[in-house]
Amino acid sequence: MKICVLPGDGIGPEIMAEAVRVLGALDLKFELEHALLGGGAVDATGSPYPEATQKLAREADAVLLGAVGGPKWDTLPREQRPERGLLGIRKDLNLFANLRPAILYPELANASTLKPEVVAGLDILIVRELTGDIYFGQPRGIEMRDVNGTAQRVGWNTMIYAEYEIRRILKVAFEAAQKRGKKLCSVDKMNVLETTQLWRDIAEEMAKDFPDVELSHMLVDNAAMQLVRNPKQFDVMVTGNMFGDILSDEASMLTGSIGMLPSASLDANNKGLYEPSHGSAPDIAGKGVANPLATILSAAMMLRYTFNEEVAATRIETAVKKVLAQGYRTGDIYEPGTKRVGTKEMGDAVLAAL
Ligand code: NAD
Ligand code: IPM
Ligand code: MN
């Protein structure tokens, strides 16, 4: 099992150290190769996704990533920004299917900002398309133009999907729904945007091939509202790259904290990149207080999806449940009466539970 480990920036190295320790405690043989991605890579090589990292990532069976980015690099030209490295590796490895499961562990019902009865028992899967949409569409840019007779700056992007891109992500979502609660909600903005009208049309066509799945559609603004009004109405949600980015951050708060939300980004052969859904959290970086559980749970997803090691994946998830039941909490999920711990102590607790 060859894993390319990319700790990244900010809290990335802190949370990754705990995930690597957890992997090391399993009775499995891994070959771990560390490499640079993001701001650290820009500082060292001038590129956010250097060639050495490209080579390792392509050769590995899976990639485990912390997070990238930070204020230090926000003013660089766009092609040198850490985020470009992340988008680059996703595109390079053709990781079009991003799975973001939002599960509420019962012990965290009070950590959510929503009423416990609204979120108790929550288990939804957001399937986000990851290599298309307005994130990658051409043309794009900022330039001077003549607007009604005055020269001024204009910024523009292109929201675009080809049929094959829509079909392959919907197939992933339909199949995921078949294995779960058999309900699929496709989220679009077809009342305004042609690209998402095409998305809805194709979803309707494909529904005939999945008669056991109940397909519904929802406009994205309503979906954002329904997620906090009554999130348990959802089983699997599928949507494009940008809507999925936004809705998955929203869904993370239903689980108590974004520090709890893992993710898998898969290609057509289940080669994958696994990373927490959150960012590099510059506000708490270097303090040893970040929640490592999203990264540890991402490692569990890696064992399940890329390596078919279901037993080991479940062992990690069971250990996480146990430490939450024992009352261990990082600051983001802390509530009075529980034990406040830092990143490393949380890792220690997971290792002990394993
Ligand atoms: P963020 O997710 O980094 O942080 C948002 C808030 O959540 C912050 O208050 C942060 O402290 C908190 N938070 C995030 N992860 C946490 C954890 N594990 N434990 C405890 N608290 C946590 O989002 P942002 O502040 O908008 O972005 C910061 C940087 O991260 C930007 O440069 C952005 O581009 C980048 N980013 C990277 C990724 C990624 O690498 N996948 C994802 C999102 C944002
Ligand atoms: C995420 C992040 C990235 C995205 C950024 C950092 C490019 O927000 O993984 O959710 O928008 O996809
Ligand atoms: Mn995001």
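Here are some notes on a few helices in this predicted model.

1. Some ground rules. Residues count from 1 along each chain as its sequence is written, while chains are lettered from A and ligands numbered from 1 in the order in which they are written. As the model is predicted, local features need pLDDT of at least 70 and side-chain atom pairs count only at pLDDT 80 or more, but totals for chains, interfaces and linings use all residues.

2. Take helix α3 (residues 51-59); helices here are DSSP runs of H or I, at least four residues, and strands are runs of E, at least two, numbered from the N terminus. Its buried residues are T53, L56 and A57 (buried: 20 or more other C-beta atoms within 10 Å; exposed: 12 or fewer; partly exposed: in between; C-beta atoms placed from the backbone). They span an arc of only 100° around the axis, so they sit on the same side of α3 (the arc is that of the directions from the axis to the C-beta atoms). E51 and E59, on the other side, are exposed.

3. What covers those buried residues? The cover includes β1 (2-8), β2 (31-34), α2 (39-45), β3 (62-67) and α4 (82-92).

4. Now look at T195, in helix α7 (residues 194-207). T195 is buried, because 20 other C-beta atoms lie within 10 Å. Leaving out residues up to four places away in sequence, T195 touches M159, I160 and Y161 (contact: C-beta atoms, placed from the backbone, within 7 Å). T195 and M159 are 36 residues apart along the chain, yet their C-alpha atoms are separated by 7.0 Å.

Key: Two residues are in contact if their C-beta atoms, placed from the backbone, lie within 7 Å.
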